[in-house]
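Student: I am new to this structure and would like a close look at one part of it. Could you take me carefully through the pairs of oppositely charged side chains?

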Amino acid sequence: MISLYENYRDYMFYVARQFVEDVHACEDIVQDGIVKLLRRVELLQSLEEKALITYLYKTIKNLALDYLDERMKERATPPEDMEGALGRPAEPGAAEQAANPEEMMAAAADSERIRRAWEGLTEEERFLLAHKYYYCESGEELARATGIRRDFISMKLIRAKKKLAKLLQEDDEKRKEAR
């Protein structure tokens, strides 16, 4: 196992870097890969070099993709300020301005309406919208974070915005019917 690590560490790191840009995360992925491979020592010893390289590639690739999935899930949680996530930054002091009960109730109703629509989006759509409009990340940054090609990011953002608008409109229609 030591010789495997010494001989293929750079290769495994290279594979991880194809998917993940963070050097420290790649080092962790390689270490996790070694731990995972330790459980398969007998199999690894029986493989020819070409099959071994393929096995290492698949192991590290899967760990890197798992890392990216986990990172996307962490980032896809809706931000505290849903208005900001939709491209409308909250005004400073907005909470203080809504001092009377009617305004507070209206703000709470809007917040609930946005939350319901937000939940109707996929994790990927929430991630893209939040990071584009709340965290002001560029398309390039979104492409790196998600692994989606840069030219598809804008298309996915347009579709996510349309879907969110449709969900908000449907919610409005349901509320009108309920009255």
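Tutor: Salt bridges number 7 in this structure, which is a predicted model. In general, side chains of opposite charge can pair when their charged atoms come close. Among these bridges is the one in which the side chains of K163 and E125 meet, with N and O 3.1 Å apart. This pair links distant parts of the chain, since K163 belongs to helix α10 (residues 150-178) and E125 to helix α8, 38 residues apart. Helix α8 itself covers residues 123-134.

Another of the bridges joins the side chains of R9 and D10, at 3.6 Å from N to O. Here R9 is partly exposed, at 27% relative accessibility, while D10, with a relative accessible area of 60%, is exposed, because exposed means over 50%.

A further bridge is formed by D151 and R149, whose closest N and O atoms are 2.8 Å apart. D151 has a relative accessible area of 46%, so this residue is partly exposed.

Notes: Residues are numbered from 1 along each chain as its sequence is written. This is a predicted model: local features need pLDDT of at least 70, side-chain atom pairs count only at pLDDT 80 or more; totals for chains, interfaces and linings use all residues. Side-chain values use heavy atoms; hydrogens and water are left out. Helices (H or I, at least four residues) and strands (E, at least two) are DSSP runs, numbered from the N terminus. A salt bridge is a side-chain nitrogen of Lys or Arg within 4 Å of a carboxyl oxygen of Asp or Glu. Buried means under 20% relative accessible area, exposed over 50%, partly exposed in between (1.4 Å probe, protein chains only).
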